[in-house]
Amino acid sequence: MILKAYNLVKEYTRGNQPFEAVNNVSLEIREGEFVCLAGRSGSGKSTLLNILAGLLTPNSGKIYFEGKDYETLDDLERSYLRNTKFGYIMQGQSAFSNLTVLQNVILPYTLFKRDGDPYKKALALLDRVGLRHLASQYPATLSGGEKRRVSIVRALLTSPKLLIADEPTGDLDEETTREVMELFVSAVKEGTAVLMVTHDMNTTPYGASFITMKAGRIEEKF
Ligand SMILES: Nc1ncnc2c1ncn2[C@@H]1O[C@H](COP(=O)(O)OP(=O)(O)OP(=O)(O)O)[C@@H](O)[C@H]1O
Ligand SMILES: [Mg+2]
């Protein structure tokens, strides 16, 4: 297992009324596993993903990534983990407006230096999702789906151990969705595990496992 999470709870308060957005969730993800997460709007999917990505601290529960307890990591170690081991495609747009498409995509390399030339791979991935010609453009001039593909390429560039994707194809057409899913499947073949929120069970790959959430809890696993 690369990721193990036990009894995660995240409590929020709305109108003085506390409620559990994530309520006692446990899950494990194997290396190279493709896990699809579904559930009604507001069921806690994005909250769970933010907790697993180390961006949000749960009220209780334990998370281990490659055997390391999140609680023992300081901010720099968490940031290192996010930029080297994780790819996170957030729900909504997450491109930086003052960076070009190419600069956005190689950002994880800029933040934490490592071996290899990111440019070649970045341009090849941009090509695979039909964005090569936009490499030197700024996000403001891109469509919603184009910006989404920039985030997808950025998350895949580091060949992450775990790719967390929150409705990555929500605003893409059928053909672009297929291109993106092919990228995910190639990443999985190279050992990346994927945790993907999706409402479209038709686009999920063969061999994937499924988790459904309801009101903060895991409803089903299959
Ligand atoms: N910062 C916050 N403060 C208070 N409540 C929050 C906060 N963030 C999320 N919530 C609430 O927690 C619940 C779970 O939200 P979450 O974003 O995880 O849902 P989701 O399953 O991702 O929904 P969607 O499919 O619409 O993206 C919702 O009721 C939401 O309104
Ligand atoms: Mg969400």
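Helix α1 gives the most to the shell around ligand 1, with 3 residues. The model described here is predicted. Helix α1, residues 45–52, also lies across four strands, namely β3, β7, β8 and β9. These strands belong to an open sheet of 6 strands with mixed pairing.

**The shell around ligand 1**

- Ligand 1 is surrounded by Y12, R14, A21, G39, S41, G42, S43, G44, K45, S46, T47 and Q91.
- Strand β1, residues 3–14, and helix α1 each supply at least two residues of this shell.
- By class, the shell around ligand 1 has 8 polar, 2 nonpolar and 2 charged residues.

**The sheet**

- The strand order in the open sheet is β6-β7-β8-β3-β9-β10.
- Strands β6 (86–89) and β10 (217–221) stand at the edges with a single partner strand each, so one side of each is left without a neighbour in the sheet.
- From one strand to the next, the twist averages 20°.
- Helix α1 runs at about 155° to β7 as it lies across the sheet strands β3 (34–39), β7, β8 and β9 (209–214).

**Strand pairs**

- Strand β7 (residues 162–166) pairs with strand β8 (residues 193–197) in the parallel sense, over 5 bridges.
- Within β8, L195 is the bridge partner of I164.
- Strands β3 and β9 also pair in the parallel sense, over 5 bridges.
- G39, which is part of the surroundings of ligand 1, stands opposite M213 in β9.
- Strands β9 and β10, by contrast, run antiparallel and are joined by 4 bridges.
- T212 has E220 in β10 as its bridge partner.
- A hairpin is formed by β9 and β10, with 2 residues between them. In its turn, A215 has a positive phi of about 45°.

**The nonpolar core**

- In soluble globular proteins, nonpolar side chains tend to be buried together.
- The largest nonpolar core here has 55 residues, of which L52, V105, V153, I164 and V194 touch the most other members.
- Helix α6, residues 144–157, gives the most to this core, with 6 residues.
- I164, one of the residues touching the most other core members, is also the residue bridged to L195 in β8.
- V194, another of those residues, is in contact with F34, V35, L163, A165, F184 and V188, leaving aside its neighbours within four places in sequence.

Key: Residues are numbered from 1 along each chain as its sequence is written. Chains are lettered from A and ligands numbered from 1 in the order in which they are written. This is a predicted model: local features need pLDDT of at least 70, side-chain atom pairs count only at pLDDT 80 or more; totals for chains, interfaces and linings use all residues. Two strands pair if DSSP finds at least two bridges between them. Axes are lines fitted to C-alpha atoms, for helices over the stretch in contact, and angles run from 0 to 180 degrees between N-to-C directions. Two residues are in contact if their C-beta atoms, placed from the backbone, lie within 7 Å. A residue is near a molecule or strand if its C-beta atom, placed from the backbone, lies within 6 Å of it. Ala, Val, Leu, Ile, Met, Phe, Trp, Tyr, Cys and Pro count as nonpolar, Asp, Glu, Lys and Arg as charged, and the others, Gly among them, as polar. A nonpolar core is a set of buried Ala, Val, Leu, Ile, Met, Phe, Trp, Tyr and Cys residues joined through C-beta atoms within 7 Å. A residue is buried if 20 or more other C-beta atoms lie within 10 Å of its own, exposed if 12 or fewer, and partly exposed in between; C-beta atoms are placed from the backbone.
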